[in-house]
Amino acid sequence: NSSNYLISGNVNDIRGEQSLNLSINTDRGNAREILAFMDYNIPYSVNFPFSGSLKIGGNTAQPEFAVDLAVINNFSNIMEIQGNIAQQIELTLKGNQVPLSLLNMPGVLETDLAYEGDLNFAGTIQGTREDFEVNLDTELTELSIIGIQLSEIRGKVSYQSTGRLEFEQTLNQAAERSITADGSLRLNERFIPEIEIAVNNYRLNQIANIDGNINRLSGELDGNMTLRGEMLNPQISGNMDLNLPNLAIEGIADITEVQGQLAFDETKITLNEVTGKFGEGNFQITGNVNYMNQENFWEVRFKGQNFAFNRGSFNGKYNPDIRILNEFRSPLIFGDLRIYDFVVDSELNWPASDSEATAESALFTPQLKLNLIPQKNVFFRSENIDIPVEEGSLQLNYQNEELTFLGDLRSSQGSLDYYNNKFLIDNVTATFEKYSESIPVIHLVGNTVAGGTNIFIYVDGPADNLNISFGA
């Protein structure tokens, strides 16, 4: 709809000072038009409808404005502006449930994060047109960021015409549980002189909403951080204590009793003896997360005991000692998995999980290079075969969504059922070669007794095309 304004009054002494006595009233105006009329240059669009009055006094060389305006959104007043603008500015501001979406404009707030909420504020603008200061008491309500529902954030904001923004804001979760940010920004330079963030036993349960695969998350953070430097690439320092009693992720065992300390510096986050439980097992994490270097983001060692693995053809226990290196989204995970009480069936099947099968583009696509080292009670077993693995190892490689195995496994025990005859294994070797499509080459010698005669079975060749012969 077009704007309409009722202008009344007079201009006196046309040939002299041209004194003004004008009144502009509207029930449907637009802020951009008034700012243009008052010769204010705003570097972004201020396309806000308003109602109210503007009285103009003084003279054409030095006009004086008496302002009484209300900014409108969805037929409701969301901001009131009252006061005087002359050589000195004296304005009072009051905002009520101002949607944050109205602030998403170039030069004010630009981000790809999904957010919503309402802003309440009250304060003043004082100074001159060239040198002014805005001071506000603020309250953010109904705040949601990337699916996380947050409680109220209260505090103070001060903006100077030089482009300096100072603030103190507190997110209160409950008694003695809060996050406070106190600092300043130089907006014109997009620079952070310093921001202090104090985290006081803040519960993490709401963060589970970020990922639909996280069923449950409980725990808390406590510590302090400092941000300095470029707004888009700040340097971080400080320490944070981590306490996660429970993290339940779809498709894997619960992660519980996670404790440790995160130390922040200008280039990395150091994991200081982070420990926890994975199902019935325990783990320890040490190393660095190089948050300033996406190509060398991970530099972490992960050790565990008594982990359970149940996926496809692989079922049993293992103790991992692995390292996670390289880039953020596609890290290399390599090291040893010492497997025990473990059964591998002859199909060597590694099915995709439901989330992997349906995800169009996974956030993480790790490359795996793991040594499977058999310990006690490791069996290669199917309907007709039961062989304990005594020696050897396998290297599991999972790269570019392709699974391969390299290495060999050996045994001098076990049994093979063939046409209702049970042969005892004398020796068997399964060799996995680079271009064999994970199909092992088998060399097996076994024996049985039939009618008082020793019968030998010889099995040779690829597992999908075996050559079987007999001797006596």
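Here is a short chat about some residues and contacts in a predicted model.

Me: Hi! Before we start, what kind of model is this?

Reply: Hello! This is a predicted model, so treat every value below as computed from it.

Me: Good to know. Let's start with T26. Where is T26 found?

Reply: T26 is in strand β2, which covers residues 19–30.

Me: Buried or exposed, that T26?

Reply: T26 counts as buried, because its relative accessibility is 11% and buried means under 20%.

Me: Which backbone nitrogen does the side chain of T26 reach at 3.2 Å?

Reply: That is the backbone nitrogen of G29. There is also R28, whose backbone nitrogen lies 2.9 Å from a polar atom of the T26 side chain.

Me: And what does T26 touch, not counting residues up to four places away in sequence?

Reply: With those set aside, T26 touches N4, Y5, F50, S51 and G52.

Me: Nice. Changing topic: how many residues are in the largest nonpolar core?

Reply: The largest nonpolar core has 94 residues. Those with the most contacts inside it are V67, L271, F283, F405 and L444.

Me: Let's pick F405. What is F405 in contact with, leaving aside neighbours within four places in sequence?

Reply: Beyond those neighbours, F405 is in contact with F314, L372, L394, Q395, L396, F432, E433 and S438.

Me: On to charges. How many salt bridges does the structure hold?

Reply: The structure holds 14 salt bridges. One of them pairs R154 with E139, and the closest N and O atoms there are 2.8 Å apart.

Me: Which residues are linked with R154 in a network of salt bridges?

Reply: E139 and E152 are linked with R154 in that network. The side chains of E152 and R154 meet in a salt bridge of 2.8 Å, N to O. E152 is partly exposed, with a relative accessible area of 36%.

Me: Why would such side chains pair at all?

Reply: In general, side chains of opposite charge can pair when their charged atoms come close.

Me: Over to the surface. Which residues form a nonpolar patch there?

Reply: L466, I468 and F470 form a nonpolar patch on the surface. Together they have about 240 Å² of accessible area.

Me: Where is L466 found?

Reply: L466 is in the loop between β31 (453–462) and β32 (467–471). With 37% relative accessibility, L466 counts as partly exposed.

Me: Another loop, then. Where is the place of T60?

Reply: T60 lies in the loop between β3 (49–58) and β4 (63–73). T60 is partly exposed, with a relative accessible area of 45%.

Me: What does T60 touch, leaving out residues up to four places away in sequence?

Reply: T60 touches E17, Q18 and L20. A polar contact of 2.9 Å joins the side chains of T60 and Q18. As for L20, the C-alpha atoms of T60 and L20 are separated by 7.0 Å, although the two residues are 40 residues apart along the chain.

Me: Last topic, backbone angles. What is the phi of Q97?

Reply: Q97 has a positive phi of about 55 degrees, although it is not a glycine. Q97 is found in strand β6 (residues 89–99) and is partly exposed at 48% relative accessible area.

Me: And what is the phi of N377?

Reply: N377 has a positive phi of about 60 degrees, and N377 is not a glycine either. N377 is found in the loop between β23 (367–374) and β24 (378–381), and counts as partly exposed at 46% relative accessibility.

Me: Great, thanks!

Key: Residues are numbered from 1 along each chain as its sequence is written. This is a predicted model: local features need pLDDT of at least 70, side-chain atom pairs count only at pLDDT 80 or more; totals for chains, interfaces and linings use all residues. Side-chain values use heavy atoms; hydrogens and water are left out. Helices (H or I, at least four residues) and strands (E, at least two) are DSSP runs, numbered from the N terminus. Buried means under 20% relative accessible area, exposed over 50%, partly exposed in between (1.4 Å probe, protein chains only). A polar contact is a pair of N or O atoms within 3.5 Å; within protein, one must be able to donate a hydrogen and the other to accept it, and residues adjacent in sequence count only if both atoms are side-chain atoms. Contact means heavy atoms within 4.5 Å. A nonpolar core is a set of buried Ala, Val, Leu, Ile, Met, Phe, Trp, Tyr and Cys residues joined through side-chain atoms within 4.5 Å. A salt bridge is a side-chain nitrogen of Lys or Arg within 4 Å of a carboxyl oxygen of Asp or Glu. Patches are made of residues with over 30% relative accessible area and no salt bridge: like charges are joined within 9 Å, nonpolar side chains (Val, Leu, Ile, Met, Phe, Trp, Tyr) within 5 Å. Accessible areas come from the Shrake-Rupley method with a 1.4 Å probe; for residues, only the protein chains shown count as cover.
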